[in-house]
Amino acid sequence: MATSTAADRVPEQPRPLRADARRNRERLLREARLAFAEHGTDASLEEVARRAGVGIGTLYRHFPNRHALMNAVFQEALHALLTRSQELAEAEQPCAALVEWLRAIVTHAGEYRGLAKELMSASHDTTSALSQCSTPLGSAGAALLRRAQRSGAVREDVSIGDLMQLTNAIALAAEECPADAQLADRLLTLTLRGLKP
């Protein structure tokens with residue numbers, strides 16, 4: 001009789017949340033989204049839990065750390081950015097498609113104070129829950145970059161890692177100068193000029 005090994009076993013699917021746990025999770029996400037919008041990504045997690053009507057232990061049962069909570073909050077925006085990158089992958093002008101996508105990344109990173117900094121650090125830390133955002137964004141951007149490079153519109157030595165860091169740096173600079181609404185666009189335009197062969 002053959003014995004099964006760990007490699008032979010089908011991994012267990014996580015059990016669905018009970019209705020009350022699902023409601024708690026949804027309230028936590030809603031309140032975290034509001035708190036991050038009001039106070040930035042360093043908003044008090046205790047305050048998020050309080051506003052959601054649960055204890056801090058409940059928050060940590062659903063989201064073991066701040067990055068896990070941020071990752072969950074940003075999934076909707078991540079999905080929209082990934083969908084947009086797939087649409088742009090078929091655009092007639094590959095360089096214009098890349099530029100449009102980079103502008104969308106700058107806009108996303110600037111939506112919550114502190115997000116650009118967190119995304120910059122997560123891009124070098126594959127153990128961070130936020131890498132679940134940065135990794136797929138990097139892959140989507142790499143496909144757009146390769147198309148632009150094949151068309152001859154972008155230098156071959158440009159990497160998606162560099163572009164992602166630049167977009168986050170631009171969003172971070174714009175965050176520090178909120179009175180200048182055009183700063184991010186000006187900085188991105190300057191950056192894009194350096195991409196041409």
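**Cavities and aromatic pairs in the predicted model**

Phe74, Leu78, Leu81, His108, Leu119, Cys133 and Leu137 line the second largest cavity. Two elements, α5 (75–88) and α8, each give two or more residues to this lining; helices here are DSSP runs of H or I with at least four residues, strands are E runs of at least two, and numbering starts from the N terminus. The volume of the second largest cavity is about 30 Å³. Its lining divides into six nonpolar residues, one polar and no charged, where Ala, Val, Leu, Ile, Met, Phe, Trp, Tyr, Cys and Pro count as nonpolar, Asp, Glu, Lys and Arg as charged, and the others, Gly among them, as polar.

The model is predicted, so local features need pLDDT of at least 70 and side-chain atom pairs count only at pLDDT 80 or more, while totals for chains, interfaces and linings use all residues. Residues are numbered from 1 along each chain as its sequence is written, and side-chain values use heavy atoms, with hydrogens and water left out.

The search of the whole structure finds two cavities of 30 Å³ or more. A cavity is a set of points on a 1 Å grid over the protein atoms alone where a 1.4 Å probe fits but cannot get out, and lining residues have an atom within 4 Å of a point. Grid points are joined across faces, edges and corners, and a volume is the space filled by probe spheres set on the points.

The largest cavity has a volume of about 50 Å³, and its lining consists of Ile105, Leu119, Ser134, Leu137, Met164, Thr167 and Asn168. At least two lining residues come from each of α8 (131–150) and α9 (160–176), with α9 giving the most, three residues. By class, this lining has four nonpolar, three polar and no charged residues.

Turning to the rings, the structure holds two aromatic pairs (ring centres within 6.5 Å, using the six-membered ring of Trp beside Phe and Tyr; planes under 30 degrees apart are stacked, over 60 edge-to-face, the rest tilted). Phe36 and Phe74 form a tilted pair, 6.3 Å centre to centre with 40 degrees between the planes. Phe36 belongs to helix α1 (residues 19–39) and Phe74 to the loop between α4 (66–73) and α5, 38 residues apart. Phe74 also forms a tilted pair with Tyr112, at 5.0 Å and 45 degrees. Tyr112 lies in the loop between α6 (94–109) and α7 (115–122), so this pair ties together parts that are 38 residues apart in sequence.

Note on methods
On a 1 Å grid over the protein atoms alone, a cavity is a set of points where a 1.4 Å probe fits but cannot get out, and a pocket is an open set with protein on both sides within 12 Å along at least five of seven lines; lining residues have an atom within 4 Å of a point.
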